[in-house]
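Please look through the sequence and structure below before reading on.

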Amino acid sequence: MNQPAVLFDESNCEQCACGEGLDFSFTFAFQPIVDVLNQSVYAYEALVRGPEGEGAMSVLSNVNETNRYSFDQVCRVKAVKLASRLGMKTMLSINFMPNAVYQAEYCIRTTLAAAKTYNFDTSKLIFELTENEQLTSVDHLVSIIEAYQEMGFKTAIDDFGAGYSRYNIMMASPPDILKLDMGLVRNIHNEPNKQAVVSGIITMMKQLGGRIVAEGVETEEEYFWLRSQGITLYQGFLFAKPGFECLPEPVFPV
């Protein structure tokens, strides 16, 4: 796939990608991923939002084959810029589109330039892939994960267990972090089948040396069952809702 380089231009961020520019605006909300062992924020996930706080679909519905590359690149720049402006000191998790990354080492240049411009530590970046993202090639995604890890970035698979599970990726090049889909988490304390599936995923990640984030945790009952299984990283309304252009402080169950 022959895509042009992306030139970082702080003065006109939304047109910084060579080729097609973007004719729509967006920003981010941030939701904390918490570590309950020390009751701290492990990372903030950047969640795309419309300029007035509209939901993610109001933005993503504008993304197509023509502008996907530009959108992916501008997302990274905007997330880094806003995180720096807000004084974020934790990890920053950015969702990426693997079909927009034609070569990991080349496409990361704009992100690195933005981090340097906005004085954001690149060692604090997590690149997160949703499991629902349709891929033209699993080998391509594996190459991205391996390249990002070699460059010192953490990688994550989001929504694991939704639809179909990418065990082929887990076998070829496991990510640093696996985020349980909220469909598995919901009411798990009352559903033995879900408990069996999640217990198996926990065992798998322990053996692979990665960490699990329980995503979409809304009730104390869900949390206490997951905590009893040894999970220490959580994300969900029980701890904090996404904050529009701000870094919300989490609360912790007693």
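A disulfide is a pair of cysteine sulfur atoms within 2.5 Å. By that definition, the structure holds zero disulfides. The model is a predicted one, and the points below are grouped by topic.

**Cysteines**
- C75 counts as buried because its relative accessibility is 8%, and buried means under 20%.
- C246 has a relative accessibility of 33% and therefore counts as partly exposed.

**Nonpolar cores**
- In soluble globular proteins, nonpolar side chains tend to be buried together.
- Here the largest nonpolar core has 69 residues.
- The residues with the most contacts inside this core are F26, F71, L92, L180, L226 and Y234.
- Helix α2, residues 68-85, supplies the largest share of this core, with nine residues.
- Another core of nine residues lies apart from the largest one, and A43, M91, I126 and L233 are among its members.
- Leaving aside residues up to four places away in sequence, L180 touches F160, V185, V198, I201, I212, V213, A214, E215, L226 and I231.

**Strand pairing**
- Strand β3, residues 91-95, is mostly covered, with four of its five residues buried.
- Strand β2, residues 40-49, pairs with β3 in the parallel sense over four bridges.
- Y44 has L92 in β3 as its bridge partner.
- Strand β4, residues 125-130, runs parallel to β3 and is joined to it by four bridges.
- I126 in β4 stands opposite S93.

Methods:
Residues are numbered from 1 along each chain as its sequence is written. This is a predicted model: local features need pLDDT of at least 70, side-chain atom pairs count only at pLDDT 80 or more; totals for chains, interfaces and linings use all residues. Side-chain values use heavy atoms; hydrogens and water are left out. A nonpolar core is a set of buried Ala, Val, Leu, Ile, Met, Phe, Trp, Tyr and Cys residues joined through side-chain atoms within 4.5 Å. Buried means under 20% relative accessible area, exposed over 50%, partly exposed in between (1.4 Å probe, protein chains only). Helices (H or I, at least four residues) and strands (E, at least two) are DSSP runs, numbered from the N terminus. Contact means heavy atoms within 4.5 Å. Two strands pair if DSSP finds at least two bridges between them.
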